Amino acid sequence: MKRSTLALTIGLISLFSYNAAAQESARLSSVKTFADTVIDKAGDKQHPGVPLLANGVDPRTGKQMEWIFPDGRTAVLSNFSAQQNLMRVLVGLSNLTGDPKYKQLAENNVRYYFQHYQDKSGLLLWGGHRFIDLKTLQPEGPSEKEKVHELKNAYPYYELMFAVDKPATARFIRAFWNAHVYDWKILETSRHGEYGKAMGKLWASDFEQQPPFFATKGLSFLNAGNDLIYSASLLWQYDHEQGALTWAKRLAHQYVLPRDKKTGLGVYQFTQALKRAETTDDTDTNSKYGDRAQRQFGPEFGPDALEGNMMLKGRTSTLYSENALMQLALAKSLGRDGEDIKKWTLDGLKAFAHYAYDAQTNSFRPMLANGTDLSGFVLKRDGYYGKKGTVLKPYPAGNEFLLSYARAWTLEQDAEIWKVARGIAQGQGLGDIGEPGGKNSKLDLNTQNSEPYAIFALIDLAQSTGNKSYLELADNVAKNIIASKRLNGFFVDDPGYIYANIDNIAPYALLALEAAFRGKPDAVAPFLNGAGFTEGAYRLEDGSVRYSTRDDELFSLKPGEQLKPNGKK
């Protein structure tokens, strides 16, 4: 090589390295600024030394988000179950920067919670219906009648919890199962658990397998069952309780056994609601009147129209995004002990790809698990799934599903899996990820995509194929996030929103990308798509009470907007 050519090559390499380092600095700098801003603005203002954080902050004024109770009282919302992504960010940030203060804050939060908010049964005062008022440090509940324990798609950072206090963590997980399994013999579960419940036989309980969709009072929603599955699997990993793994797999299998025998699709519930009363009012969707899908769809679609078989938007996100990511992570970490979980999960994703995905429109069809396409179906009556006259439509295949199929590819190189990932990537403006394995890709490096899920997916593709161009594309997505989704140090989904959520996953994605560029992917905990929440009665400005209000609705309000009755913003 001529000296001039060599010098030019070295110069180009040096320039690329400089630019990469500069962008790396921008990624890491934005996450550090975010963490420092959270510490400053979301921290406890009245109780020195208390590590608890407010879940939401107005980035413009620093005002911490409040919950307004039906009686007019207010509380600064601090719900640790809805801060678990942040805890993973804090630990990862210390791992990459060497600054221990971030990890120490995360550890202090876990320690404080165990010391002050673990009840006599072992349950923590957190979840869908319990939180702490940062003004008083007292536990609260948004609904007086529903001060129950609930975790749905939360996936707490158990690795950190075990590191901080292993006995207390094990005690919580046992209490979690003890409170949410109503009948161990038939594995009747419910999203609501009773605080203070005396410990039963737990893993030593008897079990008798029931037929698919047997009737129970408790509703076996997958978004509640998956947190039970995850917790017991982690208890096996960290405390080696064989019974915990046995029951975790047993519960996971309950969602597999009722899958449609022809399609392999399903299920969101493995039971159906026990009918305990009669009504002719279609607008009353209480489960005591029986299976709500059967009530609304049964006359047209017969006995297969059950809640567990409804493959509609939202239900499929739980099945093939949140639950799939969690179980794929378990399959990887459990090794040989997770082979069955791996197979169940991959089989489900492949069935969903085959029957529901439309590559032409990059969308998923609303379906019954038996393969019936519900696209264009007009609801004949009011009910749980919408008002009479509502038209069921295909829904976009978003970046969260791209991540599921990219993550699945890391465990099984299946053409059907790659096909869906390829289609979604194109539909989300990322270009062509190429043939299976990444050959002949034509990525759109000018992408306008600014979704954190896309970054996580591209990291998975890069690591599984060895094609580093996926990281370059992910870096451009990161630039878009930094340019459009930051406000006074916080990350926001929309700069127009009043409050920033400290559990936002954008800094998580940027940190994971930083770790990937450094060749230290294990420095940041795997992303599981968990997200805690708070839900209950909330007083509106006109004095009326909105009995089913979620904190994500508060996070999506813009100045001048307010929540309206009847579940509409």
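This is a short tour of one protein chain, stop by stop.

**Before you start**

The model is predicted: local features need pLDDT of at least 70, side-chain atom pairs count only at pLDDT 80 or more, and totals for chains, interfaces and linings use all residues. Residues are numbered from 1 along each chain as its sequence is written, and side-chain values use heavy atoms, with hydrogens and water left out.

**Stop 1: the whole chain**

Show the protein chain as a cartoon. It holds 16 helices and 21 strands. Both are DSSP runs, numbered from the N terminus: helices are H or I with at least four residues, strands are E with at least two. The radius of gyration is 24 Å, close to the 25 Å that the globule rule gives for 569 residues, so the chain is as compact as a globular protein of that length. The radius is taken over C-alpha atoms, and the rule is 2.2 Å times the number of residues to the power 0.38. Along the principal axes, the C-alpha atoms fill a box of roughly 90 × 60 × 50 Å.

**Stop 2: the surface**

Of the 569 residues, 57% count as buried, meaning under 20% relative accessible area.

**Stop 3: the cores**

Select Trp 177 and Ile 455. In the largest nonpolar core, of 162 residues, these two touch the most other members. Such a core is a set of buried Ala, Val, Leu, Ile, Met, Phe, Trp, Tyr and Cys residues joined through side-chain atoms within 4.5 Å. Another core, of 14 residues, lies apart from it; Ala 75, Ile 498, Leu 554 and Leu 563 are among its members.

Stay on Ile 455. Beyond four places in sequence, it touches Ala 474, Val 477, Ala 478, Ile 481, Ala 509, Leu 510 and Leu 513. Contact means heavy atoms within 4.5 Å.

**Stop 4**

Select Ser 404, in helix H11 (residues 399-409). Ser 404 is buried, with a relative accessible area of 0%. Setting aside neighbours within four places in sequence, Ser 404 is in contact with Tyr 320, Ser 321, Leu 325, Leu 328 and Leu 349.

Now move to Ser 233, in helix H6 (residues 222-239). Ser 233 is buried, at 0% relative accessibility. Its contacts, again leaving aside neighbours within four places, are Ala 248, Leu 330 and Leu 334.

Methods: Buried < 20%, exposed > 50% of the residue type's maximum accessible area, 1.4 Å probe, protein only.
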